[in-house]
Amino acid sequence: MRLVFLGPPGVGKGTQASAICNHFNILHLSTGDILRSEIEDKSHIGLEAKSFMDQGELVPDTVLLKIIQNKLNHKNAQNGYLLDGFPRTIPQADGLNQILLELKQALDIVVSLDANEEELVNRLIKRSLDSGRSDDSPDIIKQRQRVYWKQTAPLLEYYKNLNLLKDVNGIGEIEQITKRILKAID
Ligand code: ADP
């Protein structure tokens, strides 16, 4: 099983991705989490990524593609994986296609989780109270939303054209949404 989760910041991608990965026993690859752990380790990648992340901007595509290529080549990805937060731009999606081609793999589906903007900003502001994330201030949250609509939302059309896209309503109880996703995957 190879999945991609798309959706705006605050839609609950991370929470749902964990539940789905437990269900199918596949690897959860959250590029946000990977980058935050690189920052914590003060690695080269972390140092490069931090200034972009703190401003709510995207980290350069080449950095992300290198990370994903490494992760997908690892043997713990053989059972399948869920990409959470990647791809986020058309060049990343093109790069992913190339990596998959080399690995002789294909995506099964792309899940698009959606909610209205007001709900999203409210959730993020609530989350910011205890997340401790340096990119969770109201201004940066709004910037991340703008970046999503401009750079990432075009991927919805991209994957729709590849016949891979399934829309799932991201408003409701956590477990109810998990059930909707499982049904979409079925
Ligand atoms: P959210 O979905 O709440 O915005 P993430 O944890 O997915 O949060 O990402 C946090 C930040 O990490 C992004 O704002 C961006 O700077 C960086 N990032 C994560 N994934 C990518 C990606 N695929 N391409 C570029 N930057 C990314």
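This is a predicted model: local features need pLDDT of at least 70, side-chain atom pairs count only at pLDDT 80 or more; totals for chains, interfaces and linings use all residues.
**View 1. Helix α5 meets helix α8.** Here we look at α5 (residues 90-103) and α8 (residues 154-161), whose axes come within 10 Å and cross at roughly 35°. On the α5 side, the contact is made by I90, A93, D94, L96 and N97, and these meet P154, L155, Y158 and Y159 of α8. Sorted by class, the residues of this contact are seven nonpolar, one polar and one charged.

**View 2. The two sides of α8.** L155, Y158 and Y159 are the buried residues of this helix. They lie on the same side of α8, because the arc they cover around the axis is only 85°. Turn to the face pointing away from that buried side, and you will find the exposed residues K160 and N161.

**View 3. What covers α8, and what follows the helix.** The cover over the buried residues of α8 includes the strands β1 (2-6), β4 (109-114) and β5 (165-169), together with the helices α5 and α7. Have a look just past the end of α8 as well: N163 adopts a positive phi of about 65° there.

**View 4. I140 and its surroundings.** I140 sits in helix α7, which spans residues 138-152. With a relative accessible area of 16%, I140 counts as buried, because the cut-off is under 20%. Leaving aside residues up to four places away in sequence, I140 touches D54, Q55, G56 and D135. For a sense of scale, Q69 is 71 residues from I140 in sequence, and their C-alpha atoms are 29 Å apart in space.

Technical notes. Residues are numbered from 1 along each chain as its sequence is written. Side-chain values use heavy atoms; hydrogens and water are left out. Axes are lines fitted to C-alpha atoms, for helices over the stretch in contact, and angles run from 0 to 180 degrees between N-to-C directions. Helices (H or I, at least four residues) and strands (E, at least two) are DSSP runs, numbered from the N terminus. Contact means heavy atoms within 4.5 Å. Ala, Val, Leu, Ile, Met, Phe, Trp, Tyr, Cys and Pro count as nonpolar, Asp, Glu, Lys and Arg as charged, and the others, Gly among them, as polar. Buried means under 20% relative accessible area, exposed over 50%, partly exposed in between (1.4 Å probe, protein chains only). The arc is that of the directions from the helix axis to the C-beta atoms.
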